[in-house]
Amino acid sequence: MKVHAIKGQPHPFDSSRQLQRKLYLAAKKSRNRRFHALYDRIYRPDILWRAWVEVKANGGGAGIDGKTLQVIETEGVANFLEALHRELKEGKYRPLPVKRVYIPKADGSQRPLGIPTVRDRVVQQACRIVIEPVFEANFQDCSYGFRPKRSAVQAVQKVKDDLVFGWQVVDADIRGFFDNLNHELLMSLVARRISDRRVLKLIRSWLKSGIMVAGEWEAVDGGTPQGGVISPLLANIYLHVLDMYWMRDFSHLGKLVRYCDDFVIVCYHRWQAEEAMKAVQGIMKRLKLELHPEKSKLVNLNEAGFDFLGFHFHKVQSRVSGKSAPLTWPSRKAMKAIRAKIHDLTSVRWLRIPLQEILNNLAPVIRGWCGYFRRGNATDQLQALDRYVRRRLYKNFWRRGNRRSNKVKDAFCRWWESVKVEPFYLKGYCGGTLRKPLGESGRKAV
């Protein structure tokens, strides 16, 4: 199977992108058209190669078969994709159960994740490449999660813009969304646009593959595993019903902004927010879901704020104009998470490695966090994190030297001035751009 382009040939992704463009335009032209010949596109060599590249870029661990990305590269990617191509073409492909793992949540509970095998992730990604344009043509503008050319940053900015004239917010949380998706309802929604029985059978096989817990196989009656490559697309297909009903019947009540299963509705009057909450509860019943009774609430921005996608939103009175304006900064949960990460990277277990290596480990974490949160009105939070980094590094420096010496602080200050520490706060940085050239780093003393 030849997938690499040689010099002078088109990029190997060009043909797959042309296919996506054709499917999108066809679906956009006819909103009710059902596509019947998609399965043979999924096992096309160029589609499988692109799927492999994207799965590799996302990383991730091994499934129940124990094969990691590195193992497959060692054994040969070409042979791996050739075997997948043959299995799919001959109808012999069968997915393996997903491996169930748990990650801790901020409230002390655990979030279940399902890790498919690399083999299944590649096939899921290939399927997503082919069918996503068909559904993308129907998705509403209020949806931002896991969609091409859309991001959480755009969703945050949209909420902030809507809050200029909005004072009441429906802060909704769907209880156990990924665990409670109804399979039959989901498949009926997929079948509205896809009539290819082999594609429908492929998607159903992933939903029914089951999970492996402590070496034991367990069947699943609902839900789609968080961690599956195709799960975000299936989630968007399922919640497109919410978007559709809202934009058609309830948009006069407020503005909906949804990022996968996390959404808010910004309203002007209290009665609109109350009606919006009732409308959402009615739509959830149609979808056989329910809102979390404790986490879903109405927020009056005259009295409180709310968290969405890691940011805290609040209205604050301007000292200049006297008018209230929406402000955003990292939420307490986000601040706690990044402090925990900094604490871990500067803890006593790293005393054996050079301080410069600790700085090198901190730099990508800080850059990645700031790439998302260094916007809005986060100056105080960013400066506080800079002070926290300095305190943690000072404590690590102190543990390496003579603790009784009065010169440790002076030595640390000299070291601090001699190294480059990635800052959280950049002077003049506002809304994703620099207002003026960088000057001093603006780091404050301990």
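Trainee: What makes aspartate 141 and arginine 150 a salt bridge?

Mentor: In this predicted model, their side chains meet at 3.4 Å, N to O. The cut-off for a salt bridge is a Lys or Arg side-chain nitrogen within 4 Å of an Asp or Glu carboxyl oxygen, so the pair at 3.4 Å qualifies. By this rule the count comes to 23 salt bridges.

Trainee: Why is aspartate 141 called exposed, and what is arginine 150 called?

Mentor: Exposed means over 50% relative accessible area, buried means under 20%, and partly exposed is in between. Aspartate 141 has 57%, so the word is exposed. Arginine 150 has 22%, so that one is partly exposed.

Trainee: How do you know that glutamate 184 and arginine 204 form a salt bridge?

Mentor: Their closest N and O atoms are 3.1 Å apart, and the limit is 4 Å, so they pass. Glutamate 184 sits in helix 9 (residues 183-191) and arginine 204 in helix 10 (residues 197-207), so the pair ties together parts that are 20 residues apart in sequence. Glutamate 184, at 49%, is partly exposed, and arginine 204 is partly exposed too, at 30%.

Trainee: What about arginine 270 and glutamate 274, which form a salt bridge as well?

Mentor: Their closest N and O atoms are 3.8 Å apart, so they still fall within 4 Å. Both lie in helix 12, four residues apart, about one turn of the helix. Arginine 270 has a relative accessible area of 36% and glutamate 274 has 37%, so both are partly exposed.

Trainee: How do you know that the span of helix 12 agrees with what it should be?

Mentor: Helix 12 has 17 residues (270-286), and at 1.5 Å a residue it should span 24 Å. The end C-alpha atoms are 25 Å apart, so the two agree.

Trainee: Which residues of helix 12 are buried, and what do they pack against?

Mentor: Among the buried ones are Ala273, Ala276, Met277, Val280 and Ile283. The buried residues of helix 12 pack against strand 3, helix 11 (231-250), strand 7 (262-267) and strand 8 (297-300).

Trainee: Why are cysteine 142 and cysteine 370 called buried?

Mentor: Cysteine 142 has 6% relative accessibility and cysteine 370 has 2%. The cut-off is under 20%, so both count as buried. Cys370 is also one of the buried residues in helix 14.

Trainee: What covers the buried residues of helix 14?

Mentor: The cover includes helix 7, strand 10 (311-317), strand 11 (324-330), helix 13 (332-345), helix 15 (379-400) and helix 16 (408-418). The span of helix 14 checks out too: 19 residues (355-373) should span 27 Å, and the end C-alpha atoms are 26 Å apart, which agrees.

Key. Residues numbered from 1 in each chain as written. Predicted model: local features only at pLDDT ≥ 70, side-chain atom pairs only at ≥ 80, totals over all residues. Heavy atoms only, no water. Helix = DSSP H or I, 4+ residues; strand = E, 2+ residues; numbered from the N terminus. Expected span 1.5 Å × (residues − 1). Buried < 20%, exposed > 50% of the residue type's maximum accessible area, 1.4 Å probe, protein only. Contact = heavy atoms within 4.5 Å.
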